Amino acid sequence: MKKNDNRFLLAAMMVLVSFGFYQCANQNQKAEEKQTTNGIWPVEKANEWYKKWGWLRGCDFIPSTAINQLEMWQAETFDTATISRELGYAESIGMNIMRVYLHHAAWEIDKDGFKKRVATYLDIAERHGINTLFVFFDDCWNPTYQTGTQPAPKPGVHNSGWVQDPGNLYNEDTTLVKVLEEYVTDVLTTFKDDKRIVLWDLYNEPGNSNRGDSSIVLLQKVFTWGRAVNPSQPLSVGVWRKDLKALNEFQLNNSDITTYHNYNGPEEHREVIDTLRKRTGRPLICTEYMARRNNSLFSNIMPILKAENVGAINWGLVEGKTNTIYAWDTPIPDGSQPKLWFHDIFRKDGSPYKQSEVDSIKMLTGK
């Protein structure tokens, strides 16, 4: 081959390489565009947002006089006195956030009243120095429900009256999806700039109650509805079970802040923190932990969460009608107290179940 031919070949190769780089860059740009078209906050924005809150610590909260979300939010049983008293218990040990479940059925029967009660709750919580993380949908416990008077607790049965949202009705009533969209849109629009709301948890434990991947349909919809409103607060859905891979992937790819549940001991909990932090690079909030029987304790988990600057929200504040002092799978039919409480920190009168636990919490919160 002649010398000039070599030059021609080299030039041709450079063109091809340049074209290849262009294609690669173009594909990367398209991939980035695809990642951001779902409206998720950039990682930098998420981390800047998290800095302003400091270390978040609190409970999944429902007043002791309510067996479920409906009894908490319906007008006849909205118990402001108990809410205020029990949030006072939380304030006394240095907690600054509560995770609180809503329910579309309570909104549907009394939309304006429901929103006024949510605002009243926020006012009460603010007086106690407590911010709020609200939950919309839930796949846990009883799949059917009705408004009005709620059932009495079954003696010794964990969460005997807790209800899913929307539960089985989602597959039985084709018109419900429109109601759910209106519900999410209305509540988010009303409170989208309320600075007392830390985050919107769009769906608790999708795939629970043997629903598996079927929950992804509603999960995708609620993210779409949430992004359409575009509240000032971040959106998230927490991962909670490793084998729900399709759900987990969607949740992590669409949540502004990474939230998760873990009821196991320190070694596994540390592993989850490390895995999620590497996977997303986003702030972490544990929205459910602390099951004494499972070695998920305030003494061995809460210090890890503080050291790692992971939000720490345990299940349960005050023993009550939810019966969460009993373990998930170990009912005590005569209703006698278990030797070891599963969840919850306080008795109804405000005395701690274990003074040593409260002392540990206060030491960590600096109260």
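The largest nonpolar core in this predicted model holds 102 residues, and Trp73 and Tyr121 have the most contacts inside it. Helix α8, spanning residues 176–191, gives the most to this core, with eight residues. Here a nonpolar core is a set of buried Ala, Val, Leu, Ile, Met, Phe, Trp, Tyr and Cys residues joined through side-chain atoms within 4.5 Å. Buried means under 20% relative accessible area, exposed means over 50%, and partly exposed lies in between, using a 1.4 Å probe and protein chains only.

If you click on Trp73, you can look for the residues that it touches, leaving aside those up to four places away in sequence: Phe78, Val100, Tyr101, Leu102, Ala106, Phe114, Arg117, Val118, Tyr121 and Phe134. A contact means heavy atoms within 4.5 Å.

Now for the chain as a whole. The protein chain has 13 helices and eight strands; these are DSSP runs numbered from the N terminus, with helices being H or I of at least four residues and strands E of at least two. Of its 367 residues, 53% count as buried. Among contacts between residues at least 6 apart in sequence, 76% join residues at least 24 apart. The accessible surface comes to about 16800 Å², and carbon and sulfur atoms account for 53% of that area; the areas come from the Shrake-Rupley method with a 1.4 Å probe, and for residues only the protein chains shown count as cover.

| Residue | Relative accessible area |
|---|---|
| Cys59 | 0% |
| Cys140 | 8% |
| Tyr289 | 0% |

Tyr289 sits in the loop between β7 (284–288) and α12 (302–307). Although 230 residues separate Tyr289 from Cys59 in sequence, their C-alpha atoms are 9.2 Å apart in space. As for cysteine pairs, the count of disulfides is zero, where a disulfide is a pair of cysteine sulfur atoms within 2.5 Å.

The model has one cavity of 30 Å³ or more, and the largest cavity has a volume of about 70 Å³. Its lining is made up of 15 residues, with Ile62, Val318, Thr322, Thr324 and Asp344 nearest its centre. A cavity is a set of points, on a 1 Å grid over the protein atoms alone, where a 1.4 Å probe fits but cannot get out, and lining residues have an atom within 4 Å of a point. Grid points are joined across faces, edges and corners, and the volume is the space filled by probe spheres set on them.

Residues are numbered from 1 along each chain as its sequence is written, and side-chain values use heavy atoms, with hydrogens and water left out. Since this is a predicted model, local features need pLDDT of at least 70 and side-chain atom pairs count only at pLDDT 80 or more, while totals for chains, interfaces and linings use all residues.

How values were computed: On a 1 Å grid over the protein atoms alone, a cavity is a set of points where a 1.4 Å probe fits but cannot get out, and a pocket is an open set with protein on both sides within 12 Å along at least five of seven lines; lining residues have an atom within 4 Å of a point.
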